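Reader: I have not seen this structure before. May I put some questions to you about it?

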Amino acid sequence: MATQKLYAGAKLREMRQRLELTQKDFAAKLGVSLPYLNQMENNNRPVSTTVVLALAQEFGMDVTELSAGDSERLVSDMREAMADPVFADDAPPLADLRLTASNAPALARAFLALHRAYRQTHERLASLDEALGREDARIQASPWEEVRDFFHYCDNYIDAVDHAAERFAATSDIRAAAVAELERGGVAVKQTEMEGLRHFDADTGVLHLSNRSAPQTQLFQMLLQVALLRQNQLLEATLDFAKFQSEEARAIAKIGLANYFAGAALMPYRRFLEAAQACRHDLELLAIRFGASIEQIAHRLSTMQRPGAKGVPFFFVRVDQAGTITKRHSATRLQFARFGGACPLWNVHRAFETPGRFLRQLAETPDGVRYISLARDVSKPGGSFGAPVRRYAIALGCEVRHADALVYADNLDVSNDSAYEPIGISCRICERKDCHQRSVPPLERRLTINTDQRGVLPYEVS
């Protein structure tokens with residue numbers, strides 16, 4: 001197989017600008033000529049091995065970031081945006097999208113933000129939103145989507161918060177440490193008969209935890225409160241860096257960062273990484289060792305992207321029974337549908353049919369990348385008779401080249417081409433011609449309609 005050339009002009013340019021160096025000075029430090037650097041920054045030439053070594057030695061850069069980047073996920077996000085029917089007759093070819101993502105990533109993000117604003121406006125009009133004419137009826141990204149994208153483009157890894165949580169978790173008894181930290185802040189912990197999971201009364205200084213919750217849930221909520229009260233300065237500094245467009249987005253992100261701290265304290269990075277590697281990512285063993293739920297373990301595995309100490313790059317997703325994605329993250333090339341439904345051929349949808357069991361799937365996406373996917377239901381009881389049960393399914397997976405690191409790959413014939421099920425992201429951007437589950441035609445293909453015959457679909461994809 002031919003070695004793939006590395007084009008990372010945008011990354012080089014961003015790094016030079018961050019260091020406040022001219023092209024001439026940057027070229028000198030990298031040991032290349034000014035014209036050569038200019039060509040690399042404009043993706044007219046690939047990044048040479050000499051430059052890669054110079055970046056690592058001169059600037060201490062984790063060179064894996066050059067290829068990891070945002071380019072592939074930007075392409076995926078733009079393709080999904082282009083799946084909107086408004087672009088049906090004018091969608092640019094995939095090559096143009098890739099060129100934009102690699103050479104003009106800021107323009108690509110601006111386009112995605114504009115498309116989100118358009119969709120929000122369209123939805124408001126379609127539902128006859130009464131906010132029309134109000135002062136707060138501004139056109140901007142949904143706060144929820146803005147926060148989701150913040151974590152998405154950070155690779156779901158927040159370095160400062162992760163390190164702070166790891167320092168906090170240095171003690172062997174994390175529950176005692178959480179209680180002691182809250183007491184130092186004048187907060188008492190009390191188990192209470194209540195509907196919710198957690199309620200902090202600032203006037204009395206009492207943190208109420210539901211006595212219906214599982215012990216690991218109670219501990220997680222204590223750690224979350226520790227983050228909100230005792231790590232507030234760190235959280236606020238991180239939020240300042242993110243520059244959210246609205247107070248709603250900032251508030252949602254703060255809760256997200258507090259949740260991140262809680263998960264990272266419950267499962268400290270290096271200890272968790274070593275344990276995961278030792279047991280070959282057995283979720284049940286990790287859940288027992290760290291006193292966490294299966295979902296918490298799977299989510300934490302998807303965040304192990306610390307520079308210089310990266311774990312297996314996983315994707316993680318949670319869906320409800322309607323197929324709606326409620327949590328998603330991918331450190332792999334697999335990206336999830338932002339608009340429309342996810343691929344029904346994915347094993348995460350079948351997990352509801354086999355409660356309490358792990359389902360394994362070898363899958364291949366239209367771009368030829370192969371994955372191993374693990375799915376399981378994660379129902380959440382209401383805590384009393386008659387209380388509603390929240391039912392979800394989660395999926396955790398990685399590219400099949402990491403199969404040896406997973407206990408779940410044992411006895412799977414990863415070398416057998418026929419063992420891989422064809423899956424996609426969403427129908428509008430899936431190029432498979434003969435999928436029996438297709439709901440709408442692919443965006444970039446012509447259709448042939450024959451009134452004299454009918455196959456699985458009422459049309460044929462050219």
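Reader: Where does threonine 303 lie, between which helix and which strand?
Author: This is a predicted model, in which local features need pLDDT of at least 70, side-chain atom pairs count only at pLDDT 80 or more, and totals for chains, interfaces and linings use all residues. Residues are numbered from 1 along each chain as its sequence is written, and side-chain values use heavy atoms, with hydrogens and water left out. Helices (H or I, at least four residues) and strands (E, at least two) are DSSP runs numbered from the N terminus. On that numbering, threonine 303 belongs to the loop between helix 17 (294-301) and strand 4 (315-320).

Reader: Is threonine 303 buried or exposed?
Author: Buried means under 20% relative accessible area, exposed over 50%, and partly exposed in between (1.4 Å probe, protein chains only). Threonine 303 has a relative accessible area of 4%, so it is buried.

Reader: Which residues does threonine 303 touch, and which backbone oxygen does its side chain reach?
Author: Contact means heavy atoms within 4.5 Å. Not counting residues up to four places away in sequence, threonine 303 touches Asn156, Tyr157, Tyr260 and Tyr269. Its side chain also reaches, at 2.8 Å, the backbone oxygen of arginine 300.

Reader: Which residues have the most contacts inside the largest nonpolar core?
Author: A nonpolar core is a set of buried Ala, Val, Leu, Ile, Met, Phe, Trp, Tyr and Cys residues joined through side-chain atoms within 4.5 Å. The largest one has 72 residues, and those with the most contacts inside it are Leu223, Phe261, Leu283 and Ile297. Its largest share, 10 residues, comes from helix 14 (residues 247-266).

Reader: What does phenylalanine 261 contact?
Author: Neighbours within four places in sequence are left aside here. The contacts of phenylalanine 261 are then Val161, Ala164, Ala165, Phe168, Leu223, Val226, Ala227 and Gln231.

Reader: How many residues are in the second, separate core?
Author: Val319, Ala342, Val348 and Ile423 are included in this second core. Its count of residues is 21.

Reader: Why is strand 7 described as largely enclosed by the rest of the structure?
Author: Strand 7 covers residues 370-377. It is largely enclosed because, of its eight residues, the number buried is seven.

Reader: How many bridges join strand 7 to strand 8?
Author: Two strands pair if DSSP finds at least two bridges between them. Strand 6 (residues 359-364) pairs with strand 7 in the antiparallel sense over six bridges, and there leucine 362 has isoleucine 372 as its bridge partner. Strand 8 (residues 392-399) also runs antiparallel to strand 7, with glycine 397 as the bridge partner of serine 373. The number of bridges joining strand 7 to strand 8 is seven.

Reader: In what order do the three strands of the open sheet lie?
Author: The pairing in this sheet is mixed. Its edge strands, each pairing on one side only, are strand 1 (188-192) and strand 2 (198-201). Strand 2 pairs with strand 3 (residues 206-210) in the antiparallel sense over four bridges. The order is 1-3-2.

Reader: Which residues does glycine 9 touch?
Author: Glycine 9 is found in helix 1 (residues 9-18), and its relative accessibility of 0% means that it counts as buried. Not counting residues up to four places away in sequence, its contacts are Met40, Glu41 and Asn43.

Conventions
A polar contact is a pair of N or O atoms within 3.5 Å; within protein, one must be able to donate a hydrogen and the other to accept it, and residues adjacent in sequence count only if both atoms are side-chain atoms.
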